[in-house]
Amino acid sequence: MLTDYELEALLQDTESDRAERKASAADKDKICQAVCAFANDLPDHRLPGVIFVGANDDGSCSNLEITDSLLLNLAGIRSDGNILPPPMMAVQKKNINGCTLVIIEVQPTYDPPVRYNGRTWIRVGPRRGTATIDEERRLTEKRRAGNLSFDHQPAFGTGIEDLDMVLFQRTYLPAAVSPETLAENGRSQEEQLASLHFLTKEGKPNNGALITLGLDAQTWIPGAYVQFIRIAGTELGDTIIHQEEISGALPDLLSKLDEVLNANISVATDIISGPVEIQQPDYPISALQQLSYNAVLHRTYEATNSPTYIYWFSDKIEIHSPGGPYGRVSQADFGKPGVVDYRNPLLAEAMKTLGYVQKFGFGIQIARREMKKNNNPDLEYTIEASRILATIRRRR
């Protein structure tokens, strides 16, 4: 975090390209653009940028009322899924020279370009705008080496020929990039893949590219599938009545998974009076989707050949996800609102782009809410170092 002295200097330096001032938070769209621009750090300062909410353009105080609701709303920018990859940022209330401000401190990303609603925003000097083709290429080229997550690590031995480029062009690219950017038509396929983080700096596919777009991801990442097993009983060892291996590139895998879940739900019809009837499933489909998507997204794909398992018993469903809690998520605070980290940030970006994730970190809360509405017992979790088990019990 920057010191008070550093913040004061940035606030008063109206020529700095590391600071932006907003008299109010009324135009949240502009604030999100600024967050995106500071995260991209095109000038390569390798230092945080700061948005001062409650300050006029000349640095004077606008006397904005800072409420808890305002702070929560601005903090939500990080996880609402509109800026991808999710930015590293902190929001705090601070008094500088007698003026109470909201300080949004944005760290430069290790994996540019960052996009807000499909557009790459940058800031150079006083100018904030969308990146040109050349500027976006500079962002792609300046990725800094670091401790890359597994999905960003190179998939050795693979090439672009191992990716489904028809799927990329027809499905993924239009969902990820704004029509205005696509209309420029100045990028090669390699440049498009690189700008969406699917290629390493050497121009080779990474593991996330294979999981998302691979023609045969399991050849390279053996556990990249979902094993579905329907059991006529309440425990393992009872008769298996159906099993299915759900695989393919990520869009196909998730679509097939939805079909399997829907096909196995039973719906009961209750007659109330006259022609009125209520249909209620034994499990709410939205809860099963959220928990299954979470298992695919947050699991570990590294150093294991285990798939994601879904066991559908007669009285409950168990979803087994390889790998325990990750990063800032501990066993004690697992599932709490706002406590989220990303073992696979590129997959998180892909699932948001494809529409399978609306907001980051809300899947468990959505599942619990839908289960309560459907009269299912509360969601149960078993948290271990090597796996996470979600248990959903049948409607009462």
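Rings of Phe, Tyr and Trp (its six-membered ring) pair if their centres lie within 6.5 Å. This predicted model holds eight aromatic pairs.

**Aromatic pairs**
- Tyr283 and Trp312 pair edge-to-face, with 5.5 Å centre to centre and 80 degrees between the planes.
- This pair links distant parts of the chain, 29 residues apart. Tyr283 sits in the loop between strand E12 (276–281) and H11, and Trp312 in strand E13.
- Tyr283 is buried, at 0% relative accessibility. Trp312 is buried too, with a relative accessible area of 0%.
- The ring centres of Tyr311 and Phe313 are 6.3 Å apart and the planes stand at 35 degrees, so this pair is tilted.
- Tyr311 counts as buried at 14% relative accessibility. Phe313 counts as buried at 2%.
- Phe168, Tyr172 and Phe198 make up one aromatic cluster.

- E14 (residues 316–322) and E16 (residues 387–393) pair antiparallel over seven bridges. Ile319 stands opposite Ala390 in E16.

**A buried charge**
- Asp333 lies in the loop between E14 and helix H12 (345–353).
- Asp333 is buried but has no salt bridge. Lys336, the nearest side chain of opposite charge, is 6.1 Å away.
- Beyond neighbours within four places in sequence, Asp333 contacts Arg328 and Val339.

Key:
Residues are numbered from 1 along each chain as its sequence is written. This is a predicted model: local features need pLDDT of at least 70, side-chain atom pairs count only at pLDDT 80 or more; totals for chains, interfaces and linings use all residues. Side-chain values use heavy atoms; hydrogens and water are left out. Two strands pair if DSSP finds at least two bridges between them. Helices (H or I, at least four residues) and strands (E, at least two) are DSSP runs, numbered from the N terminus. Buried means under 20% relative accessible area, exposed over 50%, partly exposed in between (1.4 Å probe, protein chains only). Lys and Arg count as positive and Asp and Glu as negative; His and the chain ends are not counted. A salt bridge is a side-chain nitrogen of Lys or Arg within 4 Å of a carboxyl oxygen of Asp or Glu. Contact means heavy atoms within 4.5 Å. Rings of Phe, Tyr and Trp (its six-membered ring) pair if their centres lie within 6.5 Å; planes under 30 degrees apart count as stacked, over 60 as edge-to-face and the rest as tilted.
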